[in-house]
Amino acid sequence: MKKNKATSAQKIQSSVEEYTYFVLEGLIGNKGTSKSDVVSYIIKSWIDTNIQLLKEYDLSFKDFKKAKNN
């Protein structure tokens, strides 16, 4: 997975079902050192896997940079 060049992190909060919470806890140590790390890994992996779909919605990294400069 390529690391993007975004310089600042934005904090988000989410509620999840019990099974999802169980999975997140189970992935600690494999995909990150905390639930937050694991969620970040999952989101970045999803973005990487679905980049073509995101481009269709003008949500590529190139679109992000363009929007950030406006």
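**Entry 1: Ser-34**

I began with Ser-34, which has a relative accessible area of 26% and therefore counts as partly exposed; the classes are buried under 20%, exposed over 50% and partly exposed in between, with a 1.4 Å probe and protein chains only. I located Ser-34 in the loop between α1 (18-27) and α2. Helices (H or I, at least four residues) and strands (E, at least two) are DSSP runs, numbered from the N terminus. From Ser-34 to Leu-24 I read a C-alpha to C-alpha distance of 8.6 Å, at a separation of ten residues in sequence.

**Entry 2: the model**

I note that this is a predicted model, in which local features need pLDDT of at least 70 and side-chain atom pairs count only at pLDDT 80 or more, while totals for chains, interfaces and linings use all residues. Residues are numbered from 1 along each chain as its sequence is written, and side-chain values use heavy atoms, with hydrogens and water left out. I looked up pLDDT, the predictor's confidence in each residue, from 0 to 100. The protein chain has an average of 91, and 90% of the residues score at least 70.

**Entry 3: the nonpolar patch**

I found a nonpolar surface patch formed by nine residues named here: Ile-12, Val-39, Ile-43, Trp-46, Ile-47, Ile-51, Leu-53, Tyr-57 and Leu-59, together about 830 Å² of accessible area. Two or more of these residues come from each of α2 (35-49) and α3 (51-56). The largest share, four residues, is that of α2. Patch residues have over 30% relative accessible area and no salt bridge; like charges are joined within 9 Å, and nonpolar side chains (Val, Leu, Ile, Met, Phe, Trp, Tyr) within 5 Å. A salt bridge is a side-chain nitrogen of Lys or Arg within 4 Å of a carboxyl oxygen of Asp or Glu.

I placed Leu-59 in the loop between α3 and α4 (61-69); its relative accessibility of 52% makes Leu-59 exposed. Asp-58 lies in the loop between α3 and α4 and is exposed, at 55%. I recorded a positive phi for Asp-58, near 55 degrees. Most residues other than glycine have a negative phi.

**Entry 4: aromatic rings**

I looked for ring pairs of Phe, Tyr and Trp (its six-membered ring), with centres within 6.5 Å; planes under 30 degrees apart are stacked, over 60 edge-to-face and the rest tilted. The count is two aromatic pairs. Phe-61 and Phe-64 have ring centres 5.4 Å apart and planes at 35 degrees, so this pair is tilted. Both lie in helix α4, three residues apart, about one turn of the helix.

Technical notes. Areas by Shrake-Rupley, 256 points an atom, 1.4 Å probe, with all protein chains shown as cover.
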